Amino acid sequence: MLQAQFFDGVTAYRHEVCVSVLDDQQALVIHAESLAEPARWELADLRALRDSSSTTQLTLTRYVSSVDERDPARLIVTDNDFIAWLRATQPDLFRRDVRKRTWLRMAGWGTGAVVAIALMLFVILPGMANILAQAIPIEREVAFGKAVTQQIEWVLGNSNAGMQRCDSPEGVAALDTILERLTAGRDMQYAIAVQVFDHSGVNAFAAPGGQVVILSALLEEAESPEEVAGVLAHEIGHVERRDPMRQALRAAGVAGLLSMVFGDLAGAAVVGEHLLTASYSREAEVEADRFALEMLATAKVDAAGFANFFTRIKGLEEGDVAIPEHLSTHPDSSWRGTQAQHFAESQGSTTAVLTPAEWAAMQAICD
């Protein structure tokens, strides 16, 4: 018989008890005058609490298999010989018991969590982004867009050593000529600001607040100023629809939500945002194409150049030139080119958007 301390799990009273092991060594009995009756614990049911046990002390409870839970009572023993004997004879002493149907419950909770996250990502956040994009004052969006463009310039610069903004006076003047031709007489929400970055990506994109960026490789790959005019009109379509602001708000919400759920995992946030962008962009791109074709028609710029751009993009996709992932999320280039070509065939009279000298200057804007 040994001395121990016992907490009955009902009151906070500490019982000084005597513990004895039955002759068949199948159970121990806990005696004390303060207990209404002795407590019998089967040895096979004993469990030691890891966080409050050591080689000189064990805090014991018992696993009640009939109700699939642990007894709230605790028995604290400090007899070294008894501790050593329990460790040697009770293989389940430190076992972590898993309740019945635990995995089923965990699967249910996991499914519920996935559904809740998906609901936030694909329904609630997009809806909130749409509302906020329309509510933010344009002057604030412009300031935000300039900061975003600077950040994009930094990111592109890290992937393209020596990248710079291209601003040769003749090239800038030619680009301004195209912009003025497209926007003349139109009631624009934004003052469009176009910049060219010296970068090897065949791409162009819009940032919030009327900021449009064209990468120099796109100008080098283009065969006519009408191609560039079509791309620029397309990006202006994004600007006027406030797509960049909507996407920025959505990305910020996704990054914050995934960081809270998974921790600071930038990779997870990037993957989540890419999945959202892939489905969102296809819808937005179709609308931006429609805007661009209407803008080209009003400006009397031949939409065949826009159609030719898609044909060339399709060829680049099938060839050796790397197309940025941003373009890979767009609708099929062949389909878009066909739509633009059908539109061009029904256009009225058009005039050249640049002279040959202006076109050469714009292609050399980074020189």
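## Strands and overall make-up

Two strands count as paired when DSSP finds at least two bridges between them. Strand 9 and strand 10 (residues 193–197) meet that rule: two bridges join them, and they run antiparallel. Within this pair, cysteine 166 has valine 196 of strand 10 as its bridge partner.

The model described here is predicted. Its protein chain holds 12 helices and 12 strands. Of the 367 residues in the chain, 43% count as buried. Among contacts with a separation of 6 or more, 62% link residues 24 or more positions apart.

Strand 11 pairs with strand 12 (residues 211–215) through four bridges, in the antiparallel sense. Phenylalanine 205 stands opposite valine 213 of strand 12. Three residues lie between the two strands of this hairpin, and glycine 209 takes a positive phi near 75 degrees.

In a regular strand, side chains alternate between the two faces of the sheet. Strand 11 (residues 204–207) can be read residue by residue. Ala204 and Ala206 point one way, while Phe205 and Ala207 point the other way. All four are buried.

## Helix 6

Helix 6 covers residues 225–241. Its 17 residues should span 24 Å at 1.5 Å a residue, and its end C-alpha atoms are 24 Å apart, so the two values agree. The helix is mostly covered, with 16 of its 17 residues buried. Just after helix 6 comes arginine 242, with a positive phi of about 65 degrees.

## Nonpolar cores

The largest nonpolar core has 47 residues. Ile178, Leu182, Ile236 and Met362 have the most contacts inside it. Helix 6 supplies the largest share of this core, seven residues.

Setting aside neighbours within four places in sequence, methionine 362 contacts Gly171, Ala174, Leu175, Ile178, Leu219, Val228 and Leu354.

## Helix 4 against helix 12

Two packed helices are described by the angle and the distance between their axes. For helix 4 (residues 169–183) and helix 12 (residues 356–363), the axes come within 7 Å and cross at roughly 115 degrees. The crossing of helix 4 past helix 12 is left-handed.

Which residues of helix 4 and helix 12 meet? From helix 4 come Glu170, Gly171, Ala174, Leu175, Thr177 and Ile178. From helix 12 come Glu358, Ala361 and Met362.

## Alanine 292

Alanine 292 sits in helix 8 (residues 266–298). Is alanine 292 buried or exposed? Buried means under 20% relative accessible area. Alanine 292 has 0%, so it counts as buried.

Beyond neighbours within four places in sequence, alanine 292 contacts Gly230, Ala233, His234 and Phe306. Alanine 229 is 63 residues away from alanine 292 along the chain, and their C-alpha atoms are separated by 9.0 Å.

How values were computed. Residues are numbered from 1 along each chain as its sequence is written. This is a predicted model: local features need pLDDT of at least 70, side-chain atom pairs count only at pLDDT 80 or more; totals for chains, interfaces and linings use all residues. Side-chain values use heavy atoms; hydrogens and water are left out. Buried means under 20% relative accessible area, exposed over 50%, partly exposed in between (1.4 Å probe, protein chains only). Contact means heavy atoms within 4.5 Å. The expected span of a helix is 1.5 Å times one less than its number of residues. A nonpolar core is a set of buried Ala, Val, Leu, Ile, Met, Phe, Trp, Tyr and Cys residues joined through side-chain atoms within 4.5 Å. Axes are lines fitted to C-alpha atoms, for helices over the stretch in contact, and angles run from 0 to 180 degrees between N-to-C directions. A crossing is left-handed if the near helix is turned anticlockwise from the far one by less than a right angle, and right-handed if clockwise.
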